[in-house]
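I set out to examine the fold of one chain, its interface with a partner chain, and two individual residues. My entries follow the display.

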Amino acid sequence: MLLNPSARDPAARSRLIAALTVPVVLWPLFRAAEVEPGALFDPDNLKVIGHFLAAFLPPESGAEFLGYLARATLETLAIATAGMVLAFLLAVPLAYLATGAGREQPTLNPLTRSLLTVLRGIPELVWALLFVRVFGLGPAAGVLALGLTYGGMLAKVYAEILESVDAAPARVLRHNGAGRPLAMLYGLLPLASKELASYTVYRWECAIRASVVMGFVGAGGLGQLMDQAMKMLNGGEAATILLTFMLLVFSADGLSGWLRRSLDRPPANRPSPFGGRSAFFGLALLAGAVASFKYRDIDLASLWRLEAVNSIGTFVADFFPPDLSADWLDKVARGVWETLAISVVGTLLAAVAGMLLALPRRWMPFTVLLNTLRSVPELVWATMTVLAVGLGPFAGALALALHTAGVLGRLYAEALANAPPAAGCALRLAGAPGSPAFCYGTLPGAAPQLVAYTLYRWEMNIRMAAILGFVGAGGLGQLLYVELSLFHQARASTVIVAMLLLSIAVDQASAWLRRKMH
Amino acid sequence: MAFRLNGVGLAYANGFDALKGITLQAAQGERIALIGPSGAGKTSLLSVLGTAWAPTVGTAEILDAGDRPRSAAALARLRARIGTIHQSPPIPGRQRAVTAVLAGRLGRWPAWKSLASLIYPLDIPGAGAALDRVDLADKLFARCDQLSGGQLQRVGIARVLYQQPDLILADEPVSALDPALALATIRLLIADAEARGATLVASLHAVDLAIGNFSRIVGVKAGRIAFDLPAGEVGIPLLHELYAGEGGELPVQAHEPHFLSQAAANDAATRAACC
Amino acid sequence: MKFSTWRRLALKGALACVAAAAVSASCLVSADEAVLRVSAIPDEAPTELQRKFAPLGKYLAAQTGMKVVFTPVSDYAAVVEALATKKIDLAWLGGFTFVQAKVRTKGTAIPIVQREEDARFTSKFITADPGIKSLADLKGKTFAFGAPSSTSGSLMPRFFLQQAGLDPEKDFKRIAYSGAHDATAAFVAAGKAEAGVLNASVWDKLVETGKVDTDKLHVFATTPPYFDYNWTVRGDLDPVLVRKLTDAFLKLDPAKPEDMEILKLQRAGRFIPTRKENYEGIEKAARSAGLLK
């Protein structure tokens with residue numbers, strides 16, 4: 001066969017177009033996020049953050065403060081656990097309704113699906129802010145907020161897991177006359193249970209981080225202490241609280257790892273599947289849940305008294321109709337753009353940093369750094385970045401980037417470790433130096449996974465970016481917080497709708513990009 | 001001299017002795033076929049020649065580099081002169097054929113060129129010519145996950161042709177090809193080695209393919225060299241002795257058996273070797 | 001293995017249901033003992049508020065014979081809403097939050113007492129920038145308010161800025177809400193905002209306790225006086241109890257050492273009666289500043 005010597009790469013054109021489009025799209029977003037790397041090195045800012053960090057030592061260890069801290073930590077744990085129980089109770093029926101698994105005709109329930117979208121689309125902190133108003137002060141608001149958002153997330157993922165396992169066993173059972181619930185119990189759950197349990201445990205871990213920040217809107221817990229310590233620039237207290245955060249997150253991490261590993265153990269050879277360990281675990285779970293609800297009286301039943309239902313009714317009614325006046329919409333639109341910019345810039349910075357951190361992961365200090373970045377919630381990072389670069393969206397983008405870099409670094413490292421090694425090895429055996437061998441051999445194998453992780457994080461970050469304004473880090477959050485403070489419910493309602501639409505739009509864009517990559 | 005193995009033994013971490021007392025040398029430009037039953041140690045022997053494994057016992061001098069190059073840079077320089085065709089081509093599915101072939105020269109290109117080539121392939125004619133030699137010119141810009149197993153195997157061969165190494169190591173290079181194509185490919189490798197004065201060592205499952213095309217045949221059994229003879233002196237009884245325990249029939253091209261599990265084990269060995 | 005994991009999951013599910021049942025059962029048994037539920041707007045750190053309230057709470061418990069429970073919060077509006085939905089009985093409110101509470105309760109919330117100094121309250125504009133000497137110099141600067149619904153940290157300063165011809169939304173480069181008065185001082189001292197405004201009483205406290213560096217921070221403007229903080233009860237509270245509470249506050253005597261202790265923590269000379277009409281000025285200011293519709 002004759003080769004055309006003037007052959008040109010047919011992909012060059014589309015690559016060129018992409019290379020030109022990306023900056024054109026990103027430039028305005030970077031502008032909107034007010035990215036100013038110079039601010040990081042501004043001597044005034046350096047002095048402020050330097051003083052602040054210097055005040056970290058020694059960490060506050062007064063008995064009175066430690067007392068507050070212990071109570072707040074318990075409260076945080078209680079909110080997370082009770083919230084997860086609620087989320088689980090909510091997610092099981094919703095997932096059953098939403099999933100196409102085990103159905104004769106694969107109809108997806110559009111009503112349930114959209115309910116799930118709404119539950120997930122509004123950040124838990126916004127739910128918390130609303131519930132603090134409706135249901136009064138205290139942790140019940142945080143529990144409900146977590147329960148709803150995480151219920152939505154769990155239900156969606158449960159539904160997807162059930163759809164992704166082999167449908168044949170359940171189908172056969174249905175043909176043999178079993179009803180849908182039984183067919184799912186016997187035909188689908190055995191295949192999916194490990195993944196379901198594993199995801200639930202992972203979410204509990206996330207719930208602990210989320211309940212930490214509930215305090216920022218008045219739902220108690222560690223967040224409230226952190227918020228105050230940061231506002232008063234009390235470095236010693238902030239250091240102690242940060243250490244507590246990390247301890248909490250690391251132990252949750254360890255516990256969930258242990259739980260997931262124990263799911264892999266083969267069953268004992270006896271007729272009953274429930275042995276001593278299961279019983280112990282079950283009792284611990286029960287005790288934890290009851291204790292969580294008991295602690296500081298998380299009294300969900302009181303929410304359903306007539307008077308409470310009434311007050312919820314009037315509260316909700318205030319939100320309709322949303323304020324659609326032109327100048328308010330204009331303000332919200334600017335907030336939406338800024339929020340989008342924060343999420344994109346934050347995620348991109350995190351992707352770059354995460355990649356740099358993932359490469360040399362085998363070294364101990366990097367693991368510690370990744371875990372530290374990850375264990376501090378975005379909102380807490382934001383209180384610090386605001387100090388480092390001043391109020392505004394860049395602080396928000398940086399805060400997102402810091403937390404997300406920790407998360408992505410870990411996921412990237414896993415994806416790279418799981419990528420087929422043969423290709424990279426072969427190139428190294430042909431004398432290729434490290435980085436080209438990595439780019440030609442390892443990276444292409446891991447790329448789809450890396451891109452997917454990054455896009456998933458972007459979907460989470462848009463929800464986070466929407467609330468960073470609560471601490472002055474730009475975006476829609478400040479608008480929402482101010483309007484809710486002033487009881488301008490109609491305006492707040494516009495902002496919430498905008499947040500919801502924005503998160504839906506980002507979900508769609510991310511799904512489209514993922515399809516494009518394949 | 002292309003290589004000199006002196007009393008080479010290779011023990012894997014799990015205690016398995018893959019090679020025992022191998023002494024073997026070849027002059028530059030020789031073409032050697034390794035044959036033997038599966039698990040005999042052919043892949044291990046190639047791994048030692050390819051510097052993937054350092055022998056646990058004995059010395060291995062490859063391409064005049066002496067025993068064990070002193071620095072990482074020296075090792076990389078040596079490796080750039082060795083081209084390996086793997087049993088299952090180690091090419092990422094999402095990579096395009098052109099990039100996969102160009103990757104053959106990463107050992108010689110400066111880093112900037114390697115990285116720039118990811119954005120726009122810097123030697124399209126070179127890659128095209130290499131692919132043309134394995135009859136895949138039309139797949140130049142195709143993604144590797146759209147190719148069949150045999151086509152992918154030939155992309156792997158094109159990569160080594162493009163690399164132009166002094167020592168070509170081929171581990172079952174034609175196991176995924178149909179008989180006619182396999183023969184043509186073996187001849188192509190031999191012609192390429194001959195034209196450039198390169199040394200070729202290929203392990204082959206099909207005895208007829210080995211004897212019909214290579215001048216020197218090395219039989220490997222249980223980690224040792226069973227015989228090392230010119231092709232003309234390898235007789236049927238010798239082969240039967242080599243393959244004793246394989247069911248009495250000699251593996252030939254016409255019904256090439258495919259040992260998936262063996263390939264997987266070899267993969268694991270390669271992985272352990274360099275990562 | 002698969003079946004075993006599923007069984008474990010079933011166990012967990014079953015236990016979760018039992019737990020939920022147990023919890024809802026326990027919720028039904030709530031004792032009806034006489035409790036006075038109190039909260040305060042978080043214009044200072046909630047932990048600080050809690051500490052300040054402890055002796056006052058003991059005093060009120062002794063005076064009313066009820067159990068006094070204080071709930072700290074970090075959201076102004078939550079206190080207003082809690083009063084409106086009868087989740088609390090007595091609240092320490094700012095002038096503007098009282099007006100909000102009045103609107104939310106359709107005029108039934110009753111202010112009972114205020115501190116003597118709340119009748120003539122002021123806010124201080126502070127900056128660390130020697131170039132800022134008057135309100136007019138604030139154009140194009142970043143500016144920190146307290147909480148959005150704070151009277152002295154947001155509403156009244158806005159109103160006076162407006163009267164001085166400045167619109168914070170248009171004339172400032174960026175406005176931030178620090179959330180609390182001491183935070184505003186910290187923001188400005190740290191350079192997070194070029195200028196800010198906070199209530200005079202907190203500023204005095206910060207200066208007295210040396211928490212701010214007066215060489216660096218200076219006050220460049222002070223608002224005219226207005227009515228601020230008060231203690232408010234919800235309108236449908238038993239009038240006898242309202243009377244008891246009012247008297248308890250008014251009885252606090254600075255001459256008695258144990259009362260002085262309480263008053264000092266509240267930063268009050270003494271408490272005086274107050275009435276709704278005192279806050280009409282604030283309501284007008286709020287409407288004119290666009291914070292109340």
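**Conventions.** I worked from a predicted model, in which local features need pLDDT of at least 70, side-chain atom pairs count only at pLDDT 80 or more, and totals for chains, interfaces and linings use all residues. Residues are numbered from 1 along each chain as its sequence is written, chains are lettered from A and ligands numbered from 1 in the order in which they are written, and side-chain values use heavy atoms, with hydrogens and water left out.

**Chain A.** I looked up the secondary structure and found 21 helices and 0 strands in chain A; helices (H or I, at least four residues) and strands (E, at least two) are DSSP runs numbered from the N terminus. Of the 518 residues in chain A, 56% are buried, where buried means under 20% relative accessible area, exposed over 50% and partly exposed in between (1.4 Å probe, protein chains only). I then took the contacts (heavy atoms within 4.5 Å). Among those in chain A between residues at least 6 apart in sequence, 78% join residues at least 24 apart.

**Interface of chains A and B.** I noted 32 residues of chain A in contact with 41 residues of chain B. The two chains bury about 3100 Å² between them, 66% of it on carbon and sulfur atoms; this is the accessible area (1.4 Å probe) that two parts lose on being put together, summed over both. I found 1 salt bridge between chain A and chain B, a salt bridge being a side-chain nitrogen of Lys or Arg within 4 Å of a carboxyl oxygen of Asp or Glu. Asp9(A) pairs in a salt bridge with Arg96(B), and their closest N and O atoms are 2.6 Å apart. On the side of chain A that touches chain B, α1 (12-32), α18 (422-429) and α19 (434-465) each supply at least two residues. The most come from α19(A), with 8 residues.

**Arg203(A).** I located Arg203(A) in helix α9 (residues 180-214) of chain A. Arg203(A) is buried yet has no salt bridge, and the nearest side chain of opposite charge, Glu124(A), is 6.4 Å away; Lys and Arg count as positive and Asp and Glu as negative, while His and the chain ends are not counted. Not counting residues up to four places away in sequence, Arg203(A) touches Met84(A), Tyr150(A), Met153(A), Leu154(A) and Met460(A).

**Ala382(A).** I found Ala382(A) in helix α16 (residues 378-389) of chain A. Ala382(A) counts as buried because its relative accessibility is 0%. Leaving aside neighbours within four places in sequence, Ala382(A) is in contact with Ala399(A), Leu468(A), Val471(A) and Ala473(A).
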